[in-house]
Amino acid sequence: MIAYVNYNSLLCINLLILKMDKAKKPLGMVVVEMLKPMFRVLETRASKQTDVKLTMPQFVLLFTISEEKEEVILKDMAEKLGKDKSAILRMIDLLEKKELVRRVVDQNDRRKNQLLITKKGERLIAEFRVVETELNFELLEGLSEADMQTFYKVVNHITGKAEKLKNAT
């Protein structure tokens, strides 16, 4: 069941959140506050060091397509990336225009297109991974192996719980 909250309630909640210190902020806000600057730096560095300029969502889509072992289905991509199908289609069009992916008509069903990563797309992914690896070394500087094990344990726990809750609804 979806609970409806009026505007005044949302305003009060937001004011309370603003007064909280980091340790008491909602988990989602803490994660977003961590990811936003990290992604900005990654996007900025990648745009300087690669010959093709992509936004983080475009790169995430390119990478996700490259990781698919089976056919790429628009609906599945939209669900994985938390975007609507039309937004994914626009990004695919842009990736195709930049010659990073290509559509190939399915020989068994001419209504379907398969998405394949081009050589140029593969090169871009490799270049991006170098930039990402360098940034990760900088970000993790000062953290111990035990810190990182704890971090991944927490991330895996929360991800697993969220997946179970998603599947239960």
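1. Nonpolar patch, by element. Helices α2 (27-49) and α7 (145-168) each contribute at least two residues to the nonpolar patch. The largest share, five residues, is from α7. Helices (H or I, at least four residues) and strands (E, at least two) are DSSP runs, numbered from the N terminus.

2. Basis of the values. This is a predicted model, in which local features need pLDDT of at least 70 and side-chain atom pairs count only at pLDDT 80 or more, while totals for chains, interfaces and linings use all residues. Residues are numbered from 1 along each chain as its sequence is written, and side-chain values use heavy atoms, with hydrogens and water left out.

3. Nonpolar patch, by residue. Leu27, Val31, Met34, Phe151, Tyr152, Val154, Val155 and Ile158 make up a nonpolar surface patch of about 650 Å². Patches are made of residues with over 30% relative accessible area and no salt bridge; like charges are joined within 9 Å, and nonpolar side chains (Val, Leu, Ile, Met, Phe, Trp, Tyr) within 5 Å. Accessible areas come from the Shrake-Rupley method with a 1.4 Å probe, and for residues only the protein chains shown count as cover. Ile158 is located in helix α7 and is partly exposed, at a relative accessible area of 32%. (Buried means under 20% relative accessible area, exposed over 50%, and partly exposed in between, with a 1.4 Å probe and protein chains only.)

4. Largest pocket. Its volume is about 730 Å³. Among the 21 lining residues, Leu35, Met38, Phe39, Glu132 and Asn136 are the closest to the centre of the largest pocket. A pocket is, on a 1 Å grid over the protein atoms alone, an open set of points where a 1.4 Å probe fits, with protein on both sides within 12 Å along at least five of seven lines; lining residues have an atom within 4 Å of a point. Grid points are joined across faces, edges and corners, and a volume is the space filled by probe spheres set on the points. At least two lining residues come from each of α2, α3 (56-67), α6 (119-140) and α7, with α6 giving the largest share, seven residues. The lining has 18 nonpolar, one polar and two charged residues. (Ala, Val, Leu, Ile, Met, Phe, Trp, Tyr, Cys and Pro count as nonpolar, Asp, Glu, Lys and Arg as charged, and the others, Gly among them, as polar.)

5. Second largest pocket. This pocket holds about 480 Å³ of space. Its lining includes Leu27, Val31, Met34, Phe151, Val154, Val155 and Ile158, residues that also belong to the nonpolar patch. Helix α7 gives the most to this lining, with eight residues. By class there are nine nonpolar, two polar and one charged residues.

6. Salt bridges. How many salt bridges does a search of the whole structure find? There are seven, a salt bridge being a side-chain nitrogen of Lys or Arg within 4 Å of a carboxyl oxygen of Asp or Glu. In one of them, Glu33 pairs with Lys25, with the closest N and O atoms 2.7 Å apart. Glu33 is partly exposed, at 29%.

7. Helix α7 pair. Lys166 and Glu163 form a salt bridge at 3.7 Å, N to O. Both residues lie in helix α7, three residues apart, about one turn of the helix. Lys166 is partly exposed at 44%, as is Glu163 at 38%.
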